[in-house]
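Please look over the sequence and the structure shown below before reading on.

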Amino acid sequence: MSVDKLHISPACDEVEVSVFGPGYGECILIHAGDRNLFILDSCIDPTSQQPAVLEYLSKINMSPTDVKLVIATHWHDDHIRGLSKVFKACQNADFTCS
């Protein structure tokens, strides 16, 4: 896949699953079509010290306000680092934790 392809937002009818794991922890972003986004867990980019998923959304020109749901699978540090920043940026999202 070319670098340019990595910076294009998914089409309205496209399902995309992006997995981030930049060194410590993991995060999953799901685009379920029609700009419906779901975030599972959070992790921090080691270079910028910001949530990796928010940086990715910015790169593909999608807004955190498109996120419908932020999910914390469990309360371990490697799954919730930066989660408060993610949820704060996702102003229209609901939050759930198992």
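Which residues of α1 are buried? In α1, the buried residues are Ala52, Val53, Leu54, Tyr56 and Leu57. Here buried means under 20% relative accessible area, exposed means over 50%, and partly exposed lies in between, with a 1.4 Å probe and protein chains only. Helices (H or I, at least four residues) and strands (E, at least two) are DSSP runs, numbered from the N terminus. An α-helix has 3.6 residues a turn, so residues three or four places apart point the same way.

The model is predicted, and local features need pLDDT of at least 70, side-chain atom pairs count only at pLDDT 80 or more, and totals for chains, interfaces and linings use all residues. Residues are numbered from 1 along each chain as its sequence is written, and side-chain values use heavy atoms, with hydrogens and water left out.

The protein chain contains three helices and five strands. Read from the N terminus, their order is β-β-β-α-β-α-α-β. The radius of gyration of the chain, taken over C-alpha atoms, is 13 Å, close to the 13 Å that the globule rule gives for 98 residues, so the chain is as compact as a globular protein of that length. That rule is 2.2 Å times the number of residues to the power 0.38. Along its principal axes, the C-alpha trace spans about 35 × 30 × 20 Å.

Of the 98 residues in the protein chain, 35% are buried. Contact means heavy atoms within 4.5 Å. Among contacts between residues at least 6 apart in sequence, 54% join residues at least 24 apart. The protein chain exposes about 5,600 Å², and carbon and sulfur atoms supply 55% of this area; accessible areas come from the Shrake-Rupley method with a 1.4 Å probe, and for residues only the protein chains shown count as cover.

The interior can now be considered. In soluble globular proteins, nonpolar side chains tend to be buried together. A nonpolar core is a set of buried Ala, Val, Leu, Ile, Met, Phe, Trp, Tyr and Cys residues joined through side-chain atoms within 4.5 Å. The largest such core has 20 residues, of which Phe20, Leu29, Ile39, Val53 and Val67 touch the most other members. At least two residues of this core come from each of β2 (27–31), β3 (37–40), α1 (52–59), β4 (67–72) and α3 (83–89). The element that gives the most is α1, with five residues. The buried residues of α1 pack against β1 (16–20), β2, β3, β4 and α3.

Leaving out residues up to four places away in sequence, phenylalanine 20 touches Gly25, Glu26, Cys27, Leu29, Cys43, Ala52, Val53 and Tyr56. Valine 67 lies in strand β4 and is buried, with a relative accessible area of 0%. With residues up to four places away again not counted, valine 67 touches Leu37, Ile39, Leu57, Cys90, Asn92 and Ala93. Valine 67 and phenylalanine 20 are 47 residues apart in sequence, and their C-alpha atoms are 17 Å apart in space.

The loops complete the picture. Most residues other than glycine have a negative phi, and most peptide bonds are trans. In the loop between β2 and β3, aspartate 34 is found; this residue has a positive phi of about 55 degrees although it is not a glycine, and it is exposed, with a relative accessible area of 57%. Arginine 35 has its place in the loop between β2 and β3, with a positive phi of about 60 degrees, and is partly exposed at a relative accessible area of 31%. Asparagine 36 lies in the loop between β2 and β3 and counts as partly exposed at 25% relative accessibility. Apart from neighbours within four places in sequence, asparagine 36 is in contact with Ile30, His31, Asp66 and Lys68. Asparagine 61, which follows α1, has a positive phi near 55 degrees. In the loop between β1 and β2 sits glycine 23, which is exposed, with a relative accessible area of 69%.
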